[in-house]
Amino acid sequence: MPHKVIPIFRIFDYDKAVEFYVHFLGFSIAWQHQPPHSPVYMEVRLEDITLHLSEHHGDCTPGAKVFIETSGGLRDYHEQLLAKNYKYNRPGLEVAPWEALTMEVNDPFNNKLLFSEPLPKNNII
């Protein structure tokens, strides 16, 4: 049976969410649902990364963290983000203890996205 896990992040402001996820990180809005006078629930995607963003009370708590394992291109993505000069976030790159290059990005609602790319194995014996 195939599975797909989609994290849900709590957001409090639609415009700030779009500014961060779409304009800064490069996600696209796949769909959104917002009846009149109601909070929004939406899906954003970046390549094979899918997240749900919700203004609905009770869906989730702000301050969540998602681990995103990449197979390459993290340095390039990092450079693309820095080139945007987004004044609220300037993520750095770090080498993690699990031998991976990582970049953690905090959204305006205190949710965290941790991108992780395995470092090449050292073949020196």
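Asp-13 is partly exposed, at a relative accessible area of 29% (buried means under 20%, exposed over 50% and partly exposed in between, with a 1.4 Å probe and protein chains only). The model is predicted, so local features need pLDDT of at least 70 and side-chain atom pairs count only at pLDDT 80 or more, while totals for chains, interfaces and linings use all residues. Residues are numbered from 1 along each chain as its sequence is written, and side-chain values use heavy atoms, leaving out hydrogens and water.

The loop between β1 (8-10) and α1 (14-24) holds Asp-13; helices (H or I, at least four residues) and strands (E, at least two) are DSSP runs numbered from the N terminus. Not counting residues up to four places away in sequence, Asp-13 touches Glu-55 and Phe-109 (contact means heavy atoms within 4.5 Å). Glu-55 lies 42 residues from Asp-13 along the chain, with 7.5 Å between their C-alpha atoms.

Ser-116, by comparison, belongs to strand β8 (residues 112-118) and is buried, with a relative accessible area of 3%. Its side chain forms a polar contact of 3.1 Å with the side chain of Trp-98; such a contact is a pair of N or O atoms within 3.5 Å, where within protein one must be able to donate a hydrogen and the other to accept it, and residues adjacent in sequence count only if both atoms are side-chain atoms.

Strands β5 and β8 run parallel, joined by five bridges (two strands pair if DSSP finds at least two bridges between them). Opposite Ser-116 in β8 stands Glu-69.
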